[in-house]
Amino acid sequence: MKIAAVRVTPIAIQDPPLLNASGVHEPYALRAIIEIEAADGTVGLGETYGDRPILEALLRVKDSLIGLSPFDLNGLRHCAAHGNGSTSGNAPAYADKPDAKVFSAFEVAMLDLQARLIGVPLHELLGGAVRRQIPFSAYLFFKFAHDVDPSYAPDPWGEVLTEAQLVGEARAMIEQYGFGSIKLKAGALAPEHEVACLKALKRAFPDHPLRIDPNANWSLETSVRMAELLAGDLEYYEDPTPGLENMARLHAATGLPLATNMVVTDFEEFRRNIGLNGVQIVLSDHHYWGGLRATQVLAQMCDTFGLGLSMHSNSHLGISLMAMSHLAAVVPNLTYACDTHYPWQDDEVVKGGKIAIRDGCVSVSDAPGLGVELDRDALAALHERYLSCGIRERNDVAQMRKFRPDWQRVKPRF
């Protein structure tokens with residue numbers, strides 16, 4: 001059985017005006033949907049970033065996969081590396097080289113196809129589920145109201161800038177989805193205000209583990225000062241300050257468990273971190289770590305060196321959510337609830353609409369592969385939106401300048 005066709009479809013999904021360290025989300029986030037079709041018509045699905053550089057790389061590589069066996073992941077690695085002009089098949093850091101992202105996008109689709117061809121769920125192909133219910137955390141953002149700009153779709157969340165508004169956002173999300181832990185995206189407003197907001201969450205939800213993520217927008221000095229204010233409140237402290245060395249200094253000064261999706265993003269950085277003891281919890285992300293199998297290797301390394309493990313998220317739909325969930329199902333030492341932006345996205349490309357999150361968890365079933373099917377009408381509509389939306393690369397800075405013309409990207413800002 002050989003691969004007969006590969007399709008890459010860019011789409012645009014609605015996104016609310018969520019604030020972060022770089023500015024504010026644009027009205028649309030870009031994704032790419034991958035289909036790998038075998039000679040018998042069986043199709044494996046993948047989902048990844050849809051920004052121009054990655055999309056162009058995906059399009060360069062896709063036709064070279066035709067004729068490969070769906071089980072030939074080494075062949076895929078060769079195609080992904082050489083199709084992007086790389087001289088090796090190594091998975092580099094996600095921030096500056098596309099090989100790992102491109103490999104991952106096609107690897108998920110190939111693994112989904114493999115599992116469908118042999119009639120097993122993806123979690124079985126990956127080694128067998130150790131859990132069927134995958135816990136996720138409520139992912140809170142400060143945000144503008146949708147009417148800040150007519151390009152944003154109406155949303156039920158309203159403006160969220162104050163303590164009371166943030167607690168209301170958390171309450172609504174927890175009531176709807178049953179989340180048992182809470183993450184606050186910080187680095188957008190004054191640090192003291194964000195800490196006060198987290199303390200308001202602590203009072204409102206005393207039994208929910210709390211995390212705060214300033215996205216490296218606080219200086220080391222500010223991070224230490226905020227750590228003193230947050231003593232006893234945090235499950236972990238995520239990327240408050242830039243650089244692995246600063247994170248190591250912060251941990252030495254505070255003793256708090258530090259987590260990252262910014263300074264440990266490949267195995268070279270993993271090795272450096274072991275020497276520095278900069279972070280104690282790695283937030284994995286198969287989209288840039290080089291796929292599902294590579295993330296399983298990462299999990300084994302975390303177990304070997306005594307590091308905690310969870311999952312990072314970006315704006316995504318159900319194919320990515322199910323890939324994350326099947327991976328989380330087979331990793332024994334993934335002991336923290338995973339991140340997901342999924343409650344913020346109203347669009348979907350899988351049949352049946354939005355995937356259920358109940359009691360804070362996504363369920364994995366015994367349906368073949370990822371357990372989801374593509375809704376081709378929805379895919380076509382979201383592709384048409386991509387063609388008309390005018391966005392080709394994410395730019396939170398430019399979007400913020402529409403509201404604050406003097407806005408500059410400065411890190412750390414505080």
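Mentor: S325 is buried, at a relative accessible area of 0%; buried means under 20%, exposed over 50% and partly exposed in between, with a 1.4 Å probe and protein chains only. The model is a predicted one, in which local features need pLDDT of at least 70 and side-chain atom pairs count only at pLDDT 80 or more, while totals for chains, interfaces and linings use all residues. Residues are numbered from 1 along each chain as its sequence is written, and side-chain values use heavy atoms, with hydrogens and water left out.

The position of S325 is within helix α12, residues 318–330; helices (H or I, at least four residues) and strands (E, at least two) are DSSP runs numbered from the N terminus. From S325, the side chain reaches the backbone oxygen of L321 at 2.8 Å. That is a polar contact, a pair of N or O atoms within 3.5 Å; within protein, one must be able to donate a hydrogen and the other to accept it, and residues adjacent in sequence count only if both atoms are side-chain atoms. Once neighbours within four places in sequence are set aside, S325 is in contact with I134, F136, V362 and V364, contact being heavy atoms within 4.5 Å.

Next, the helix packing. Helix α2 (residues 73–83) and helix α3 (residues 99–118) have axes that come within 9 Å and cross at roughly 150 degrees. Axes are lines fitted to C-alpha atoms, for helices over the stretch in contact, and angles run from 0 to 180 degrees between N-to-C directions. The angle therefore makes α2 roughly antiparallel to α3, a label for angles over 145 degrees, with under 35 roughly parallel, 65 to 115 roughly perpendicular and the rest oblique. On the α2 side the contact is made by L73, L76, R77, A80 and A81, and on the α3 side by D99, V102, F103, F106, E107, M110, L111 and Q114.

Last, the backbone. Phi is near 55 degrees in N277, a positive value in a residue other than glycine; this residue is in the loop between α9 (267–276) and β12 (281–284). N277 is partly exposed, with a relative accessible area of 37%. D359 also has phi near 55 degrees, again positive in a non-glycine residue, and is found in the loop between α12 and β14 (361–363). At 68% relative accessibility, D359 counts as exposed. K411 and P412 are joined by a cis peptide bond with omega of about -5 degrees, and P412 is in the segment after α14 (396–401).
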